[in-house]
Amino acid sequence: MTTEKNFIKPIRAQDKNFAYDMLSEIAFIRAFEESALGLTQVNPPRVPGSMHFCAGQEAVPLGAAAGLRDTDQMLATYRGHGWALASGLDARSVMAEICQKADGINGGRGGSAYLMAPETRFVGENSIVGAGTTIACGVAMANLATGNGNVVTVTIGDGATNQGAVHEAIVFAAARKLPVIFVVENNGWAELTPVTRTIKVDRIAQRATGYGIPSATIEGHDPIAVRDSFAMAAEQCRAGKGPILLEFKVPRLWGHYNRDIEHYRPKQDKREAETRDPLLVLGKRLVASGFMTEAEVAAAIEAQTKRAKELTESVMAGSEPEIETALEHVIAPPSNATPQVTETKLMSYIEAVNLAMRTELENDPSTVLYGEDVGHAGGIFGGSRYLQRDFGEDRVFDTPIAENAILGSAVGAAMSGLKPIVEIMWADFIFVALDQLINQAANIRYLTRGKVTCPIVVRTQQGVTPGSCAQHSQSIEAFLAHIPGLKVALAASAADAYALLRAASADPDPCVVIEARGMYPEKGEVEITDVAEPVGKARLRRSGGDLAIVTWGTMVPKAIEAAELLAADGIEASVLDLRWLNPLDNDALLQVATDAKGKVIIAHEAVRTGGFAGEIAMRLHENAPQNVTLDVRRVTTPDVRIPSNARLQSSLIPSVDDIVGLAKSMK
């Protein structure tokens, strides 16, 4: 059993000033968090919600900051207040964010568990366990691309080492030899569960062997040992040797969060943790080394306690965020670009995809393209063929089969100046890593109030094709279009495969461009433009005043064919290809419905319940002119899983006849 006496080691003369500074800074972080905790423990609480604290772990971020360069970036867990302060962020702004005030780092939008400042070295906290690790990989990719020599540190708790995202991040970083220091702050508890119940190795650092990267286990209460460990690890990363994992054994002095009464925790465990309190141990070491008296130690701690209390009360006197700002900074407005056609070419859908990516790689050196089988093989469907040959392995490359790492690294890279185009081979696979789109990419503009954006493009393909099973045939656009901050497009032709991908690449927000693999071989005229068109523009494919067919993606050709058949029977139907579901072209939608005197059919391949047809119908009912009587109906796939058999598939997917039959019933 460890005892306090084991840790009272002499401090070298050359470390005297550093140790003194660390005593004050640890004391300040401790008092800073005690003050924040106190705001939640009155009735009613002065600040609502949960807070997670780093009491006992303060020496790790402070030692890290001392061992790293001032430009090296940091990502933290949701108990990252110590990291935020150690990184150099203004203490008042950090406390104001914890207290959800207007002058907080994020204007009260992030709060205690999600404060971030990616425009500084502190990329931010993450409220999703383990999610910051793949983002750190992307930040490191940007560092390598710019040659700035920076190293990225990302922290997780012991419990997070069981997360799939963490596994993917380390695999990805090792494969790419990224300059990332993975930090495990091991306090022995995975939230409310002892780590020994879920991890069956003596040291978590031992797990690094399986990834082929070096690791070490260090006593995290000692800021001097922490500093020196980070300095050595950073030197290795800067030398191009790839990532390293550092495990710091730290005491857990407080509960998992502000309302945790720790009824599950043995008293002996808490007593043992208190013997490793970095504030207590460092004070005793300074006294034992003859550098301070006990009274001086107490005075130093008291000074920081007073400072923290005064700061907290000053913050609480600050303003609340203005209500009218709550809707700001969700997405950027569309550009005012007016592209000019420079050439028209006949090409296949997949060739148009290739040309769009080639154009972006040629025009913008910050563009990178990657994913599974994207580089050497040129993509499973040939979308990126010859691009690695022509632009090199630094800009077009293959990744491990790790969707979370692909999307998460894209988020980190985009925040750090790159413009990633990443491929998720099948739309169904996005669900494996949906966190990185919904909880990460879509939040960044809003959380930072527009200071930082996340210009990633996710290419994927969907739809039913003969032989495809239920895990390779889903239409997922409604899932994605539901997310504020995420832009979603569907390309229904070779022309749009080019135009929409270029529009997404030029946009400052995260965009998902959904292709239709069944259309990949189909050829069409593609207008090559000098610049990209704005996002969010629908296109009227056919005019007609008797009926409007509103659709997108794979249903567009069927809708056009249906309209031609209807015309032969004297029914003139317009066909509106929405192209973008988020942002939706409301003006075009209302115009086509009005021109059709309210008669509208919405057609999509996705299943009926929760399909985007319901959203369109409600928008029409909410916004159509009062003099227009609406008759809105839909043609969809029924609520069913998709079988592999082609005959069964064709009985489920909406057909031209389905559209024609419904249209005739609306006369």
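Reader: Which residues does Lys 487 touch, not counting residues up to four places away in sequence?

Author: This is a predicted model, where local features need pLDDT of at least 70, side-chain atom pairs count only at pLDDT 80 or more, and totals for chains, interfaces and linings use all residues. Residues are numbered from 1 along each chain as its sequence is written, and side-chain values use heavy atoms, without hydrogens and water. Contact means heavy atoms within 4.5 Å. By that test, Lys 487 touches Ile 331, Ala 332, Asp 507, Asp 509, Pro 510, Cys 511, Val 512, Val 535, Trp 580, Asn 582 and Pro 583.

Reader: Is Lys 487 buried or exposed?

Author: Lys 487 is found in strand 14 (residues 487-490); strands are DSSP runs of E, at least two residues, and helices are runs of H or I, at least four, numbered from the N terminus. Buried means under 20% relative accessible area, exposed over 50%, partly exposed in between (1.4 Å probe, protein chains only). At 1% relative accessibility, Lys 487 is buried.

Reader: Which residues of helix 21 are buried?

Author: Seen down the axis of helix 21, the buried residues fall within an arc of 145°, taken from the directions from the axis to the C-beta atoms, so they line one face. They are Phe 612, Ala 613, Ile 616, Ala 617 and Leu 620.

Reader: How many disulfides does a search of the whole structure find?

Author: A disulfide is a pair of cysteine sulfur atoms within 2.5 Å. The sulfur of Cys 137 is 11 Å from the closest cysteine sulfur, in Cys 237, too far for a bond. Across the whole structure, the number of disulfides found is zero.
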